[in-house]
Amino acid sequence: MSDLLKVSSSPHVRAKDDTTRIMLYVILALMPTTIFGIFNFGLRALALVVVCMATCVLSEYLFEKAIGKKSTVGDLSAAVTGLLLALNLPHTLPIWQAVIGSVFAIVVVKMLFGGLGQNFMNPALGGRVFLVISFAATMTHFEFDGVAGATPLALLKSGEAVNTIDMLIGRTGGTIGETSTICILIGAIILILLGVIDLTIPGVYICSFVVFLVLFGGHGLDSTFIVAHLCGGGLMLGAFFMATDYVTSPITPMGKVLFGICLGVLTGIFRIFGNSAEGVSFAIIFSNLLVPLIEKVTVPRAFGVTRVKKPKEVKANE
Amino acid sequence: MNKNIERLVNGLWKENPTFVLMLGMCPTLAVTTSAINGIGMGLSTTVVLVLSNIMISALRNLIPDRVRMPAFIVVVASFVTIVQFLMQGFTPSLYASLGIYIPLIVVNCIILGRAESYASKNPVIPSLFDGVGMGLGFTVGLTFIGIVREVLGNGSVFDIAIKPLNDYHITLFGLAPGAFIVLGFLVAVMNVVRRKMEAKGRPLPEVQGCLAGDCTTCTLSTACTGKSMVHVKPEEIPVNPKDVAKPVPNTNVEVKHADNQHNTEDVEEAGRASSYADEMLEGKGEDE
């Protein structure tokens, strides 16, 4: 028989994409904001990024070694977790706290639940929230140009004026990766062009957040207020890089919309009515928990299947 | 006496209420922010448990079966009230930090569980030792969780600061999520120890009662929804004429069959073990 007639089992069409490649794309897309963060906050920021990435990779390697599983360090997901976690930390954070946060993110949030694909919440955000709760003082201490000060969002909350141009470029206080909206948008465009993420979740997230702000923000259609809220804090970073995490976001199209609305409304509630100025990380984690529910509700109907009324269940046991 | 010691060990290790039976999780998670709180909660529960076990065991032939739950609750609640007033009088600071969880001892499932499954069926003395064992097991569990959480969350043990750790404490472990995480890790460690001991050929004795599906001695089995109800036959479903054409979903019954098989196997094995013992004796006789 000629080679032409030999047929292998499906799948016959293969894409080059695998986990490693997608994670590489994400790291690439995070590069602009990382480099800007290091430029903005100095070598201290670089040290944090390196420490977080190294700790995450190492703790995943050691954990898998300890329980006798095949090492999955090569898929780079731990490196992405470390990088995202570092971008969510203020550059003044003590190194040991960053190490504890990284270990928590990988071991407790990711590996204990079964590793990549099984984690119920975004590991990087899990690590960040762990740190925010544990070390509230150092996690909310922001310096810019050597001067300790409030973040633009905190200023906004106390009713003071903010400079939106500075916030767009990123010349403000905040965590390492969240300040520069422009750099994050460059990364987001890279991800969208490479086909890694689609616009549904971030789009719906941002739109519903804006609607919430207009309705309940207390400033109506004040464009400065809205732009400041969009550029301030972790909204952009969260919307494009964390809310779109494959594992912890819904896969159904309708589910994505619902997920985005949840995120927008929760972020709005936390920012406007909550005690702290920032609420993106809590909103995303909370919505992560809702994902199984959302997916259950929004399973698309197969073509040709009509909805049947459920017959009354015969109770067998009672 | 031997049986009494067995009861003590049973509560402390084999059926430790915190790490094995997973009973009384509400106080376990809520009050163990420090070692002192853990000990206080554990000991007050122990006192109530011992006293109520004695009382219920003494009254076991007087309490009608139908109203046993209210009767147990009345007994337990009286002792809890006594303990509560004593604590309020003599240890006001502990009383303040334990708060609502002291009155809640009334509905602690360890106490009601022991009353239902042990004290109401056994004489006074073994019930007393059962209460002491279970209570101490609970105290040890709570204290241990309390120590771990206090060290990690506050950098101290029994309010004595540990110098280098004091500067590096992680607040989360003093809060609710820390309780869940610490408990999870401790139970995991406990399971690893259990498995290691089994691998070494010194297996811990199997858990008896509800957890092992041993329903034969349980009076609650008719109300129980547990999966291994061996002796309860599935009730005949009144067949609706409309449903005759459709096959009635019968999965439940099959599951029960599977359980039956499993359980009879166990019984057979036990029987074999005992007959084996008999053979040994016989063999001995032959040798002589």
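A:Thr175 is buried, as 26 other C-beta atoms lie within 10 Å (buried: 20 or more other C-beta atoms within 10 Å of the residue's own; exposed: 12 or fewer; partly exposed: in between; C-beta atoms placed from the backbone). The model is predicted; local features need pLDDT of at least 70 and side-chain atom pairs count only at pLDDT 80 or more, while totals for chains, interfaces and linings use all residues. Residues are numbered from 1 along each chain as its sequence is written, and chains are lettered from A and ligands numbered from 1 in the order in which they are written.

A:Thr175 is located in the loop between helix 8 (164–169) and helix 9 (181–193) of chain A; helices are DSSP runs of H or I, at least four residues long, numbered from the N terminus. Beyond neighbours within four places in sequence, A:Thr175 contacts A:Leu87, A:Asn88, A:Leu89, A:Pro90 and A:Gly234 (contact: C-beta atoms, placed from the backbone, within 7 Å).

A:Leu76 occupies the loop between helix 2 (43–66) and helix 3 (77–87) of chain A, and is buried, with 20 C-beta neighbours inside 10 Å. Most residues other than glycine have a negative phi. A:Leu76, not a glycine, has a positive phi of about 70°.

Helix 3 of chain A packs against helix 4 (residues 95–110) of chain A at an angle of about 140°, with the axes 10 Å apart; axes are lines fitted to C-alpha atoms over the stretch in contact, and angles run from 0 to 180 degrees between N-to-C directions. The contact involves A:Ala78, A:Thr81, A:Gly82 and A:Leu85 of helix 3 of chain A, and A:Gly101, A:Ser102, A:Ala105 and A:Ile106 of helix 4 of chain A.

Methods. Helix = DSSP H or I, 4+ residues; strand = E, 2+ residues; numbered from the N terminus. Contact = placed C-beta atoms within 7 Å.
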